[in-house]
Structure formats: C-alpha cells, structure tokens
Amino acid sequence: MRIDFVSDVSCPWCAIGLKSLEKALDKLPELQVELHFQPFELNPQMAAEGEEINAHLARKYGAAPAQLEQTREAIRARGAELGFSFTKGARDRIYNTFDAHRLLHWAGLQDPQLQHALKLALLKAYFTDGKNPGSHAVLLEAAVGVGLDGTAASALLASDSLAEEVREAEAFWQAQGISSVPAIIINQRHLISGGQPPEVFEQALRQIAATEQSGSV
C-alpha cells in the first residue's frame, strides 16, 4: 500500500495527522506500507525572517487572540493524546519552509524511513523546541540527528538542488485538488483529509485494503 502524506512542517494539524496515522498503522502490521512525504507550503511567499504568529494568523484568518488560544489548547490536548508535545509559546513565528521540503525530498531519495524520521524531527524542532525550520543550521542538525549524511545535506542546502523537483511536486498535488493539509492519499486514489483520530485512519485503511484485495475499487 502506498501512502502519500502531503503536508507542511509548520502545520500543527499535519503533526497530529501523522501521529494518528502512525498509531493506526501500528494496529495494522499486516499491511506493507510505503509512506512518502510530499511538499505543500502553507506560506510560500513568507520571508526568510518569518512573521510573528499572532499577527500572521490574525491577518490570514481574521482570528481573535482568544480564539487562537482556544485552538492552541485543543491542538496541545490532541498532541498529548498522541504522544506529541506542542510546547506552549514555542511556536511564536511562522517561517518559510521551502528548504525543509528540499531536504525532505532529498531524504526520500536516500531512504523513505529516514525521510519519515526527518519529518518527525522537523515537526519536533518547530512545535516542541521552538526552532526555525527554515534555518539551515536547524535543518542540518535534524538531518544528522536521524542518520543522514551531514556533508551531503549541507551541500544540498547551500545550493538550489532539487528546487525544481519540489516546485513540480507542489504543483502536481495542487493540480490534484489538494488545497489544505494534511492530505493523505492511499494508493494514488483514496483521499483522507485532516488530522483525523487514529481509529478513523485505521478503519479507512482496513476498508481500502479489503476492497482492493477483492479486486473492486
């Protein structure tokens, strides 16, 4: 089973969706899954220095401070249930994530399991540790930390390598109708949207596997 996980490392619901998917897959050891992380930028025009998060969210969504805090509390609670820590106050800025997507694309070419590990490391760096996922130092630290080649990762980040490939991948998924993330595509035909609970992913994966095994789609 192929799963394409379209997401951004600055998206809290993507972290929730990924942890939920992992819990669902833990209950489905019989499935042989190929998990691929695909790029989506929530803020492709964001400057390198980023933007203060409350100002950004108020401008983008018209959200009031009380509403933002209520949403953050809900996200923190969901994360805690799934074993992921959203540190209060850590995410104080929104950053450009294009280089993170280049690094993730490169990691996927090396080893899908290392790409998965890097994705988790980058989500933790941003949401738990409050680090800038656009910083080359942060990206390199995450890459080396999961076992990727530091020299190669540093060379990639210092160049424009894979920029065209990432842009093409982003355009492809947008052309498929993906306009919000996380978007989880199963076997290139079944879409599950949003940070669903583990049981929703589990039920959907079981149903898709059974349907496709029987030869009906």
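Author: Gladly! Let us start with a term: buried means under 20% relative accessible area, exposed over 50%, and partly exposed in between, using a 1.4 Å probe and protein chains only. Here, F86 is buried, and F127 is buried too. This is a predicted model, where local features need pLDDT of at least 70, side-chain atom pairs count only at pLDDT 80 or more, and totals for chains, interfaces and linings use all residues. Residues are numbered from 1 along each chain as its sequence is written, and side-chain values use heavy atoms, with hydrogens and water left out.

Reader: How do I read a pair of aromatic rings?

Author: A pair of aromatic rings is described by the distance of the centres and the angle of the planes. Rings of Phe, Tyr and Trp (its six-membered ring) pair if their centres lie within 6.5 Å; planes under 30 degrees apart count as stacked, over 60 as edge-to-face and the rest as tilted. The whole structure holds six aromatic pairs. One of them joins F84 and F86 edge-to-face, at 4.9 Å centre to centre with 65° between the planes. F86 also pairs edge-to-face with F127, at 5.2 Å and 70°.

Reader: Which residues form one aromatic cluster?

Author: The cluster consists of F84, F86, Y95, Y126 and F127. Why does F84 count as buried? Because its relative accessible area is 9%.

Reader: What about strands and the sheet?

Author: Helices (H or I, at least four residues) and strands (E, at least two) are DSSP runs, numbered from the N terminus. Two strands pair if DSSP finds at least two bridges between them. Strand β1 (residues 2–7) pairs with β2 in the parallel sense over six bridges. Within that pairing, D4 stands opposite H36 in β2, and R2 has E34 as its bridge partner. The open sheet of four strands has the order β2-β1-β5-β6, with mixed pairing. β2 and β6 (190–193) stand at the edges with a single partner strand each, so one side of each has no neighbour in the sheet.

Reader: And where do the nonpolar side chains go?

Author: In soluble globular proteins, nonpolar side chains tend to be buried together. A nonpolar core is a set of buried Ala, Val, Leu, Ile, Met, Phe, Trp, Tyr and Cys residues joined through side-chain atoms within 4.5 Å. The largest one here has 48 residues, of which I3, L21, L103, L118 and L122 touch the most other members. Helix α1 gives this core its largest share, six residues.
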